[in-house]
Amino acid sequence: KYKNFTVGTESDSSFTANEVKQKNSVYSTYELNKKMSVKGAYTTNTVNGAGNQLQGTMAVTPQFKINDKFSINNTYSKNLSDDSNKEEVSLKYNPFKDKRMDFNVGAGQVQYSNGSPSSSQVNMGANFRF
């Protein structure tokens, strides 16, 4: 972190009944003021081979902080492997003063460039930071 600019990496693991997925991200965040920030990120596809490493997702997320507990994110992302676009609005809740855990709920829509009909999504999640 340097002044209002932060650069970092994240590793995300998802577990379902029949598979495990892991994604890695490189991101940068710029805080415009105490209420607004903008995050840019590149996320790889599921790590299962070197060929998929360059077919990830680019995303830009403006964030408005309502207070210390709640924030609203508006994410626009482009999937480089299937050339689809996704727009999502989400509400994030931090129950603690530090950033060790947060909950989020959001709704989004994916548009495909290959002529497939768009799809809608409702997302809920929790993040734990160690």
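Visitor: How many bridges join strand 1 to strand 2?
Guide: This is a predicted model, where local features need pLDDT of at least 70, side-chain atom pairs count only at pLDDT 80 or more, and totals for chains, interfaces and linings use all residues. Residues are numbered from 1 along each chain as its sequence is written, and side-chain values use heavy atoms, with hydrogens and water left out. Strands here are DSSP runs (E, at least two residues) numbered from the N terminus, and two of them pair if DSSP finds at least two bridges between them. Strand 1 and strand 2 (residues 20-31) run antiparallel, and the number of bridges joining them is 11.

Visitor: Which residue in strand 2 is the bridge partner of T6?
Guide: Strand 2 covers residues 20-31. Within strand 2, T6 has as its bridge partner T29.

Visitor: In what order do the eight strands form the sheet?
Guide: The sheet is an open one, with antiparallel pairing. Its eight strands come in the order 1-2-3-4-5-6-7-8.

Visitor: What residue in the turn between strand 7 and strand 8 has a positive phi?
Guide: Strand 7 (residues 101-112) and strand 8 (residues 119-128) run antiparallel, joined by 10 bridges. N104, for one, has G125 as its partner in strand 8, while G108 has Q121 there. The two strands form a hairpin with six residues between them, and the turn residue with a positive phi, about 95°, is G115.

Visitor: Which strand gives the largest share of the nonpolar patch?
Guide: The surface patch includes F64, Y93 and M124, with about 980 Å² of accessible area for the whole patch together. Strand 5 (70-79), strand 6 (84-93), strand 7 and strand 8 each supply at least two of its residues. The largest share, three residues, comes from strand 6.

Visitor: Is F103 buried, partly exposed or exposed?
Guide: F103 is found in strand 7 and belongs to the nonpolar patch. Buried means under 20% relative accessible area and exposed over 50%, with partly exposed in between (1.4 Å probe, protein chains only). At 36%, F103 is therefore partly exposed.

Methods. Helix = DSSP H or I, 4+ residues; strand = E, 2+ residues; numbered from the N terminus. Patch = residues over 30% accessible without salt bridge, like charges linked within 9 Å, V, L, I, M, F, W, Y side chains within 5 Å. Areas by Shrake-Rupley, 256 points an atom, 1.4 Å probe, with all protein chains shown as cover. Salt bridge = Lys/Arg side-chain N within 4 Å of Asp/Glu carboxyl O.
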